[in-house]
Amino acid sequence: MITGPSGVGKGTLIRGLLERTPELELSVSATTRRPRPGEEDGIAYHFLTDAEFDRRVDAGDFVEHAIYSGNRYGTLRSELERRLAVGAPVVLEIEVEGARQVRAAMPAAIQVFIAPPSRDALRARLVGRGTDDPDQVDERMRTAERELGAQPEFGHVVVNDRLEAATDELARIVSGALGGEAG
Ligand code: ADP
Ligand code: 5GP
């Protein structure tokens, strides 16, 4: 599983990782957040209403779930089971609270924390991505402060400074750990 603050480049790194390691599959999370332009249901996320999310929590459909910036996010058991049943290693891209739940439930999962080279670089990436208004950027930066403190909990930390070097490092960690359990 890959965690780290919003805007650090998790999605970008994972795209590079999937290109280099084609046997990996990305789990599509569920969220109550509104789709951003271009985000398709079932591909970017499974977009759920609050009521539907609640129903699926009660039904035990989630491996983990958490609230992030006022919206709910979670990993569906069905996303993992479908892939792990055919022996495909699965990549999860999740925030820190959910990563802790996965660590507790699946201690063998590979745990990678993606860190920014600096706070300023993280803010610049959030602003540069253009998907969050200034209030949301501030909120995500406040959350990032808490999340950055969790780095030592994770087995691997990759600093995403130069994208190419960070993608190489992530791919090396994952390919080194495959053969065991992936997540
Ligand atoms: P996350 O998935 O962690 O929220 P994204 O992958 O959406 O982050 O990346 C946030 C922004 O930062 C994007 O605009 C992306 O192009 C940019 N970015 C990612 N990695 C780097 C890097 N190493 N250097 C500079 N910009 C980067
Ligand atoms: P965004 O709104 O930018 O797509 O995602 C916000 C945060 O939620 C990111 O840190 C992202 O990694 C995290 N996230 C995405 N999917 C999940 C999930 O299934 N579970 C948890 N716990 N966090 C998730």
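**Leucine 148**

I started with leucine 148 and found it in helix α6. I'm working from a predicted model here. Is leucine 148 buried or exposed? Its relative accessibility comes out at 8%, so I wrote it down as buried, since buried means under 20%. Next I looked up what leucine 148 touches, skipping residues up to four places away in sequence: Pro5, Phe113, Pro116 and Arg119. I also checked leucine 148 against proline 22, which sits 126 residues away along the chain. The C-alpha atoms of leucine 148 and proline 22 are separated by 30 Å.

**The three-stranded sheet**

Then I turned to the open sheet made of three strands, and I noted the order β1-β8-β9 with parallel pairing. Which strands stand at the edges? They are β1 (2–3) and β9 (156–159); each has a single partner strand, so one side of each is left without a neighbour in the sheet. My course notes remind me that strands of a sheet pair through backbone hydrogen bonds, either parallel or antiparallel. I zoomed in on β1 and β8 (residues 112–115), where I found two bridges in the parallel sense. Isoleucine 2 has valine 112 in β8 as its bridge partner. I also spotted helix α7 (residues 163–177) lying across β1, β8 and β9. Helix α7 runs at about 160 degrees to β9.

**The four-stranded sheet**

Another open sheet has four strands, and I listed them in the order β4-β3-β6-β5, with mixed pairing. At its edges I found β4 (46–47) and β5, each pairing on one side only. Helix α3 (residues 77–85) packs on this sheet and touches β4, β5 and β6. I noted an angle of about 25 degrees between the direction of α3 and that of β6. For the parallel part, I looked at β3 (residues 30–31) and β4, which share two bridges. There, alanine 30 is the bridge partner of histidine 46 in β4. For the antiparallel part, I picked β5 and β6, which pair over six bridges. Histidine 65 stands opposite glycine 74 in β6. I also checked how enclosed β5 is: five of its seven residues are buried, so the rest of the structure largely encloses it.

**The turn at serine 69**

β5 and β6 make a hairpin, and I found two residues between them. Serine 69 lies in the loop that joins these strands. Serine 69 has a relative accessibility of 26%, so I put it down as partly exposed.

**The largest pocket**

Last, I looked at the largest pocket, which holds about 1000 Å³ of space. It is lined by 35 residues, and I noted the closest to its centre: Gly11, Arg36, Tyr45, Glu93 and Arg129. Which element gives the largest share of the lining? That is α1, with six residues. I also listed the elements that supply at least two lining residues each: α1 (10–20), β5 (62–68), β6 (71–76), α5 (119–129) and α6 (134–148). Sorting the lining by type, I got 13 nonpolar, ten polar and twelve charged residues.

Note on methods:
Residues are numbered from 1 along each chain as its sequence is written. Chains are lettered from A and ligands numbered from 1 in the order in which they are written. This is a predicted model: local features need pLDDT of at least 70, side-chain atom pairs count only at pLDDT 80 or more; totals for chains, interfaces and linings use all residues. Side-chain values use heavy atoms; hydrogens and water are left out. Two strands pair if DSSP finds at least two bridges between them. Contact means heavy atoms within 4.5 Å. Axes are lines fitted to C-alpha atoms, for helices over the stretch in contact, and angles run from 0 to 180 degrees between N-to-C directions. On a 1 Å grid over the protein atoms alone, a cavity is a set of points where a 1.4 Å probe fits but cannot get out, and a pocket is an open set with protein on both sides within 12 Å along at least five of seven lines; lining residues have an atom within 4 Å of a point. Grid points are joined across faces, edges and corners, and a volume is the space filled by probe spheres set on the points. Ala, Val, Leu, Ile, Met, Phe, Trp, Tyr, Cys and Pro count as nonpolar, Asp, Glu, Lys and Arg as charged, and the others, Gly among them, as polar. Buried means under 20% relative accessible area, exposed over 50%, partly exposed in between (1.4 Å probe, protein chains only).
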